[in-house]
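Have the viewer open and follow along.

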Amino acid sequence: MSVHKEISQHSNRQHQRVRTFAQLDMAREQYIEEAVSLCKEGKAFNVEKINEVTKRINELARQGIVPTRKIVTPEMVQEYVNRLK
């Protein structure tokens, strides 16, 4: 395989990883917003969906080029909501 093709394939894989990260990160932010909304209303919420996406992001990050994200706890959501008040 030519060096040019190898570089092109490597670049395409990195670009795909960045696109996948952006989609996952957007979904994660939406799940965080849902949890924050429910918490503000005093309703029950959980962080399972947030952390499922977070784990996928962190698996992707181990391949390089994209950042990791922190696992979210219910306490973190509650603390954030309390700071907004």
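Predicted model: local features only at pLDDT ≥ 70, side-chain atom pairs only at ≥ 80, totals over all residues.

Now for the largest pocket, which holds about 240 Å³ of space. Its lining is made up of Arg 28, Glu 29, Ile 32, Glu 33, Val 36, Val 72, Met 76, Val 77, Glu 79, Tyr 80 and Arg 83. H1 and helix H3 (74-84) are the elements that give two or more residues to that lining. Sort the lining by type and you get six nonpolar residues, five charged ones and no polar ones.

Some of those names come back in the largest nonpolar core, a set of nine: Ile 32, Ala 35, Val 36, Cys 39, Val 47, Ile 50, Val 72, Val 77 and Val 81. H1 and H3 each put in at least two residues, and H1 gives the most, with four. There's also a second, separate core of seven residues, with Phe 21, Ile 57, Leu 60 and Ala 61 among them.

Zoom in on Ile 50 for a moment. Apart from neighbours within four places in sequence, Ile 50 is in contact with Arg 28, Tyr 31, Ile 32, Ala 35 and Val 72. Is Asn 51 buried or exposed? Its relative accessible area is 11%, so it counts as buried, the cut-off being under 20%. With neighbours within four places again set aside, Asn 51 touches Ile 71 and Val 72.

Back to H1, then. This helix runs for 38 residues and spans 55 Å from its first C-alpha to its last, close to the 56 Å expected at 1.5 Å a residue. Its buried residues are Arg 17, Phe 21, Leu 24, Asp 25, Arg 28, Ile 32, Ala 35, Val 36 and Cys 39, and they pack against H2 and H3.

After H1 comes Gly 42, with a positive phi near 75°. Ala 44 has 73% relative accessibility, so it counts as exposed. Its C-alpha is 13 Å from that of Glu 75, a residue 31 places away along the chain.

Notes. Residues numbered from 1 in each chain as written. Heavy atoms only, no water. Buried < 20%, exposed > 50% of the residue type's maximum accessible area, 1.4 Å probe, protein only. 1 Å grid on protein atoms, 1.4 Å probe; cavity = no way out; pocket = protein on both sides within 12 Å on 5 of 7 lines; lining within 4 Å. Points joined across faces, edges and corners; volume = space filled by probe spheres on them. Nonpolar A, V, L, I, M, F, W, Y, C, P; charged D, E, K, R; others polar. Core = buried A, V, L, I, M, F, W, Y, C linked by side-chain atoms within 4.5 Å. Contact = heavy atoms within 4.5 Å. Expected span 1.5 Å × (residues − 1).
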